[in-house]
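Hello,

Here is the structure for you to open. My notes on what was found follow below it.

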Amino acid sequence: MTNENDYQNEYYEHDTARYSYENEHEYEHEHEHDNGYHYDYEYDDPQYGYPRDNHNHNHNHNRKHKLSISESAPRDLSLLPAFATGALSIQTLSPDSFLLRTEQIDGFPDVSAHTASDIFAGSTVLFVPAASVLSAYDVKYELSSYITVEQVQDRLLEIDFRPDPAQQKKRNLMWKQFFLVLKLLAEHQKGTDSPWYPYLASLPRYFSNGPSMTPFCYNCIPSYLTELCQRERATMNQLLLLKPLAENLPDEWLDDETRGNADLWKWAYQIVLTRAVSSSHDGDDDDDEHGDLRLVPLADMINHSHEPNVEILHDDYGNVHVQTLRDVPADSPLCRSYGNPADPSRLLARYGFFDEDYPWSFCKLLPPNHVSDELLDLGYDPGRLLFDKNTGEISEEVWDVLLYLALGDGDACDDDGGATQRRFYEAHVRGDYEEKARIHGEWYAHTLAALAEHVEKVLGELEVLEEKGIYGGRVAGEDHPRLPLILRHNRYVRETFLAVKDRFFKEDEQEEEE
């Protein structure tokens with residue numbers, strides 16, 4: 001076990017970014033009605049929301065006021081009602097069918113959409129016209145005289161020249177993200193002179209996803225989550241390397257101050273990463289290769305659920321419809337799917353949350369080298385390699401992958417292992433489940449041993465990380481606001497693996513105790 005001095009040395013070595021946050025404050029409640037909208041706001045004191053008599057003070061000055069992007073800066077939703085119904089012409093099903101509420105999560109405000117009325121399945125609860133959507137395609141056309149998609153793609157190729165399809169898919173997404181980032185930077189530069197200022201003021205400044213993690217955070221997260229967070233951070237850094245292309249823009253778009261503000265670029269990228277949606281589908285935008293990428297005001301306030309009750313649809317004219325998937329009773333949150341809930345680490349790395357209510361979770365089984373085509377055929381996918389947190393049950397794909405890997409381990413198996421591995425794979429491909437079951441039975445002891453080794457390895461890592469997190473929170477918890485989320489994630493994974501251990505290895509533990 002690591003001693004406290006080791007933790008202290010590691011803490012001071014890696015704690016390079018320190019933040020200070022004040023304690024939670026009680027809410028004030030105010031209800032606003034405006035042209036069919038009902039916004040159920042819950043405001044904090046002036047630390048988290050502008051003083052009541054100053055909501056519109058920025059627009060009364062001749063001098064434009066730029067939005068603060070400090071992590072502790074307030075999210076001001078007070079300007080949204082008039083902005084949405086006036087400038088944006090957004091429509092809702094009824095006055096109380098779309099509400100915005102704010103709650104504190106780990107000391108920071110989180111905004112979500114709710115309904116106060118019963119809504120039938122197939123109803124359009126929110127309609128956002130095309131002119132009120134920030135579109136990567138529109139920005140691309142607007143800037144075509146200064147920056148082209150080809151220039152962005154060429155620069156991305158220089159940054160990462162790997163020609164594989166996955167990288168090409170990533171580049172097709174990143175050029176859209178880049179143009180949306182430029183649009184946000186341009187509107188931020190205008191301050192209160194921007195017609196989009198009320199929308200920008202409502203957006204978050206604090207993030208808890210992979211790109212926002214501090215060195216201390218990385219010392220408290222398990223290896224799989226670390227890999228995902230580093231990947232997200234690397235993608236952000238690649239996009240920041242596109243900054244020289246912005247020098248082609250006139251100062252009316254981006255001046256030198258904006259071009260050189262790295263924190264502002266990161267904030268704009270985080271907004272696009274966590275809130276932009278694809279026009280071709282509703283869900284994980286990594287799957288989008290051909291559609292537009294859009295920021296949709298109000299629709300981006302709809303949070304995630306593994307049981308979504310709405311979806312975001314885009315018509316041929318660029319309009320956006322938020323439509324109910326089923327009957328939604330009054331006083332329910334409006335939720336859509338952000339991605340696979342069975343991969344909580346991926347949701348946390350991308351968006352800064354995970355689905356704590358979903359029982360199935362990716363088993364964190366990582367091949368020693370790479371994911372081969374054979375493993376993919378056997379079902380290697382975070383959405384299919386699952387442990388059940390409540391029962392310890394294991395999906396069929398986990399058994400298949402464990403056996404395949406065990407048969408390929410020359411140290412664990414005899415010379416027959418490689419030949420059996422080939423027979424097992426071929427039986428799977430041709431759908432010979434009887435042969436697969438026979439091989440599973442013959443090699444069950446090896447598979448179970450591989451499962452035990454994997455479970456103990458993950459639990460051991462989580463135990464060390466728990467001690468690090470608790471010590472870091474005790475020493476300087478206020479400096480690490482992401483720590484509570486990280487600890488919740490780690491404990492969720494730990495509970496899942498303990499359930500598996502209890503289901504399959506409880507008798508072994510009892511025998512050892514005796």
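**Helix 13 and its neighbours**

Helix 13 (residues 396–407) and helix 16 (residues 444–476) have axes that come within 9 Å and cross at roughly 100 degrees. Axes here are lines fitted to C-alpha atoms, for helices over the stretch in contact, and angles run from 0 to 180 degrees between N-to-C directions. That makes helix 13 roughly perpendicular to helix 16. Angles under 35 degrees count as roughly parallel, over 145 as roughly antiparallel, 65 to 115 as roughly perpendicular, and the rest as oblique.

This is a predicted model, residues are numbered from 1 along each chain as its sequence is written, local features need pLDDT of at least 70, and side-chain atom pairs count only at pLDDT 80 or more.

Which residues of helix 13 meet helix 16? They are Trp399, Leu402, Leu403 and Ala406. On the helix 16 side are Tyr444, His446, Thr447, Leu448, Ala450 and Leu451. Contact means heavy atoms within 4.5 Å. By class, this contact has eight nonpolar, two polar and no charged residues. Ala, Val, Leu, Ile, Met, Phe, Trp, Tyr, Cys and Pro count as nonpolar, Asp, Glu, Lys and Arg as charged, and the others, Gly among them, as polar.

Helix 13 also meets helix 15 (residues 433–442). Their axes come within 11 Å and cross at roughly 65 degrees. The crossing is left-handed. That term applies if the near helix is turned anticlockwise from the far one by less than a right angle; clockwise is right-handed. Glu396, Trp399, Asp400 and Leu403 of helix 13 touch Lys436, Ile439 and His440 of helix 15. This contact has three nonpolar, one polar and three charged residues. Trp399 and Leu403 are listed in the contact with helix 16 and in the one with helix 15.

**The chain overall**

The protein chain has 17 helices and 16 strands. Both are DSSP runs, numbered from the N terminus: helices are H or I with at least four residues, strands are E with at least two. Of the 514 residues, 53% are buried. Buried means under 20% relative accessible area, exposed over 50%, and partly exposed in between (1.4 Å probe, protein chains only). Take the contacts between residues at least 6 apart in sequence: 73% of them join residues at least 24 apart.

Helix 5 (residues 165–190) has 26 residues. From first C-alpha to last, helix 5 reaches 39 Å, close to the 38 Å expected at 1.5 Å a residue. The expected span is 1.5 Å times one less than the number of residues. Since 20 of its 26 residues are buried, helix 5 is largely enclosed by the rest of the structure. Just after helix 5 comes Gly191, with a positive phi of about 60 degrees.

Helix 5 packs with helix 10 (residues 262–275) at about 125 degrees, their axes 9 Å apart. The two are therefore oblique to each other. Their crossing is right-handed. Helix 5 brings residues including Phe178, Leu182 and His188 to the contact, and helix 10 brings residues including Trp265, Trp267 and Tyr269. By class, this contact has 14 nonpolar, two polar and no charged residues.

Helix 8 (residues 223–240) has 18 residues and reaches 25 Å, close to the expected 26 Å. Its buried residues include Tyr224, Cys229, Glu232 and Met236.

**Single residues to look up**

Most residues other than glycine have a negative phi. Asp106 is in the loop between strand 4 (99–105) and strand 5 (108–115). At 27% relative accessibility, Asp106 is partly exposed.

Leu298 also has a positive phi, about 75 degrees. Leu298 sits in the loop between strand 9 (293–295) and strand 10 (303–304). Leu298 is buried, at 1%.

Is Ser202 buried or exposed? Ser202 is buried, with a relative accessible area of 0%. Ser202 lies in helix 6 (residues 197–202). Leaving out residues up to four places away in sequence, Ser202 touches Arg75, Asp76, Leu77, Leu80 and Met301.

Last, Gly318 lies in the loop between strand 11 (310–314) and strand 12 (320–324). Gly318 counts as buried, at 11%. Gly318 and Ser132 are 186 residues apart in sequence and 9.7 Å apart in space, C-alpha to C-alpha.

Best wishes

Note on methods
Side-chain values use heavy atoms; hydrogens and water are left out.
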